[in-house]
Amino acid sequence: MPPHAPASPGKRTAPLPDEDALVRRAVTGDRGAFAQLVEHYQKACYGLAWRLLGDPELAADAAQDAFVHAYDAIATYRGGLFRSWILRITANASYDILRRAQRRPTTELPDTEEGEAELPDVAAPDPLAEAGRAELYRHLDAALRLLPEDQRTAVVLCDVYGMDYGEVAATTASALGTVKSRIHRGRLRLRELLAAHRELFVSEVRLDR
Amino acid sequence: MTMQSTPHPDDELLAAFAGADPDAFDDRALVDHLASCDRCAGVVDDLTSLRSALAELPDLAPSRPLQLLPPVPPPAERGAFGWLRRLVAPIIVTGAGLLLVGSVGTAGLLGRISLFSAAGASPGQETSATDSAYGPVANPAASSGSKGTGSGVVAVPSGPPTDRSNDSTGKGTGTPPQAGPTAPAAPWNVLLIAGAGLVLAGVLLRYTLEPRAG
């Protein structure tokens, strides 16, 4: 098995080395600093939007909306991880689009049964390296798409992007108890859906515990 | 080995436990059950592994290039001269309005139709005629009828003859001849010049404050 390639696409964006300074400059109106931050996190934002919306174009729209909202709100930024902040904004923008799409029957979201058909080509640039992880990600994303929308949203926000119950509840305008239940049922459903590929995630993680 | 005496907890509780939910962690009965139930411990293990895998799902490259910054008005708009720039349009519009009104008025004066024509046409004539002209000034019907045909004709409908003879003989002979041909034109000319000035100022402002447009 080849070692983990640092530049592999199958990775999450790490914070910038000079992120705090950039954020401070962006807060005081430095457009260049803001652009640098957004450019750095645009894959994170797009990934979240794609997992919530399941459609490349809608996801790009959501990420784009999020950047505009972030620009408008950057002056009121109150510390914390910039990644978490801009992901929260992206989640809200995605959820707005989700709601709008559901109100307009003509522009329905892609059928979740299509499942794996439109999955992003995570491993394309380096198909040999980390093939196992790439396959795991592919199966995970496919399974997420098969979840009912409310469960998928809750699981994506909580388990994929690390939001707590309260943040998920605020984003989805739902009660805390409802959110917990959606997350728990979503996890159980994912386990069922991935039962055939259990070895992909169970064996490896068990070594960690 | 699974103990048959205690029933399995709800699977949602297991999912909560796998997510490190504090309530589930504090559930003594659940913790005890997990310690003795392979089936439920296995579910928790699966879900915990699943969560770890979900938490490392990679970021994704956007399907199309995204604009990192929203388009904003040019910096000059928000700079020190922003307030001046915002004045440009109103200045030009006001100027154009004045120019229009001024031109119409001036053109009217130069031509034969004018609200002031009766006064201007016969400054030095007999008092009754000049006097009568001051009646029609406020009377639009009379002004249209006064084009060059003679002020005496116009004077007739304006008032009874008795009024004319007694009334403002001194005023009629005094002021109108002085104001004569130039005074009525002045307001229109002033408007015309002011309008032209404002338009010019507006256009100049626009191009001085926005160097990139040039």
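What share of the contacts in chain A with a separation of 6 or more comes from residues 24 or more positions apart? Such residues account for 69% of these contacts, where contact means heavy atoms within 4.5 Å. The structure is a predicted model, in which local features need pLDDT of at least 70, side-chain atom pairs count only at pLDDT 80 or more, and totals for chains, interfaces and linings use all residues. Residues are numbered from 1 along each chain as its sequence is written, chains are lettered from A and ligands numbered from 1 in the order in which they are written, and side-chain values use heavy atoms, with hydrogens and water left out.

Chain A contains 9 helices and 0 strands. Its pattern along the sequence is α-α-α-α-α-α-α-α-α. Helices (H or I, at least four residues) and strands (E, at least two) are DSSP runs, numbered from the N terminus. Of the 209 residues in chain A, 49% are buried. Buried means under 20% relative accessible area, exposed over 50%, and partly exposed in between (1.4 Å probe, protein chains only). The accessible surface of chain A is about 9,900 Å². Carbon and sulfur atoms hold 53% of that surface. These areas come from the Shrake-Rupley method with a 1.4 Å probe; for residues, only the protein chains shown count as cover.

The next feature is a helix pair between the chains. Two packed helices are described by the angle between their axes and the distance between the axes. Helix 8 of chain A (residues 176–193) packs on helix 4 of chain B (residues 38–54) at about 95 degrees, and the axes lie 10 Å apart. Helix 8 of chain A is therefore roughly perpendicular to helix 4 of chain B. Axes are lines fitted to C-alpha atoms, for helices over the stretch in contact, and angles run from 0 to 180 degrees between N-to-C directions. Angles under 35 degrees count as roughly parallel, over 145 as roughly antiparallel, 65 to 115 as roughly perpendicular and the rest as oblique. From helix 8 of chain A, Arg187(A), Leu188(A), Leu190(A) and Arg191(A) take part. They meet residues of helix 4 of chain B, including Val43(B), Asp46(B), Leu47(B) and Arg51(B). The residues of this contact comprise 6 nonpolar, no polar and 4 charged. Here Ala, Val, Leu, Ile, Met, Phe, Trp, Tyr, Cys and Pro count as nonpolar, Asp, Glu, Lys and Arg as charged, and the others, Gly among them, as polar.

Helix 5 of chain A (residues 131–146) holds Asp141(A). Asp141(A) counts as buried because its relative accessibility is 2%. Its side chain makes a polar contact of 2.7 Å with that of Arg51(A). A polar contact is a pair of N or O atoms within 3.5 Å; within protein, one must be able to donate a hydrogen and the other to accept it, and residues adjacent in sequence count only if both atoms are side-chain atoms. His139(A) also lies in helix 5 of chain A. At 9% relative accessibility, His139(A) is buried. A polar contact of 3.5 Å links the side chains of His139(A) and His197(A). Beyond neighbours within four places in sequence, His139(A) touches Leu194(A), His197(A) and Leu200(A).

Most residues other than glycine have a negative phi. Ala173(A) has a positive phi, near 50 degrees. This residue sits in the loop between helix 7 (165–172) and helix 8 of chain A. Ala173(A) is exposed, at 71% relative accessibility.
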